[in-house]
Amino acid sequence: FSSFSLIFVYCILFGFTLASGGMAYPFGLFVPHIMAGACLGRLTGQLVQALAGSSAGSIHPGVYALVGAAGQLAGISRMTVSLTMIMVEITSNMRLMV
């Protein structure tokens, strides 16, 4: 993804989340926060990969997206232990916990 598209999607998600958070309708805030965190995490991963230069072979922006999604949701919902287990179940990879 391009950096512009990640920032654009994040801004749209942020605006919709702000608009729906104060409404009396049960829209939910779980998935929008996962997506917003994943956008910012992927953007960070791509920036780190670009700054690393020739040694960027071991940097995977997808891992940064997963950490960003978990961090965003943990900051909003304050359920860190159960969120860790949810992310392990999503990825089916226990090595990401280390």
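Predicted model: local features only at pLDDT ≥ 70, side-chain atom pairs only at ≥ 80, totals over all residues.
Local features need pLDDT of at least 70, side-chain atom pairs count only at pLDDT 80 or more, and totals for chains, interfaces and linings use all residues. Residues are numbered from 1 along each chain as its sequence is written, and side-chain values use heavy atoms, with hydrogens and water left out.

Aromatic rings were paired first. A pair of aromatic rings is described by the distance of the centres and the angle of the planes. Rings of Phe, Tyr and Trp (its six-membered ring) pair if their centres lie within 6.5 Å; planes under 30 degrees apart count as stacked, over 60 as edge-to-face and the rest as tilted. The count by this rule is 2 aromatic pairs. Phe4 and Phe8 are stacked because their ring centres are 6.1 Å apart and their planes stand at 20 degrees. Both residues belong to helix H1 (residues 3-21), 4 residues apart, about one turn of the helix. Helices here are DSSP runs (H or I, at least four residues), numbered from the N terminus. Phe4 is exposed, at 64% relative accessibility. Phe8 is partly exposed, at 48%. These classes rest on relative accessible area: buried is under 20%, exposed over 50%, partly exposed in between (1.4 Å probe, protein chains only).

Tyr10 and Phe14 form a stacked pair, with 6.0 Å from centre to centre and 25 degrees between the planes. They too lie in H1, 4 residues apart. Phe14 is partly exposed, at 43% relative accessibility.

Helix H4 (residues 80-91) has 12 residues. From first C-alpha to last it reaches 17 Å, close to the 16 Å expected at 1.5 Å a residue; the expected span is 1.5 Å times one less than the number of residues. Leu83, Met87 and Val88 are buried in H4. Seen down the helix axis, the buried residues fall within an arc of 140 degrees, so they line one face of H4. The arc is taken over directions from the axis to the C-beta atoms. The face turned away from this buried side carries the exposed residues Val81 and Glu89. Ser92 follows H4 and has a positive phi, near 55 degrees.

The largest nonpolar core has 7 residues: Leu66, Ala69, Ala70, Leu73, Ala74, Leu83 and Met87. Such a core is a set of buried Ala, Val, Leu, Ile, Met, Phe, Trp, Tyr and Cys residues joined through side-chain atoms within 4.5 Å. H3 and H4 are the elements that give two or more residues to this core. H3 supplies the largest share, 5 residues. A second, separate core has 6 residues, among them Leu6, Leu13, Ala36 and Leu43.
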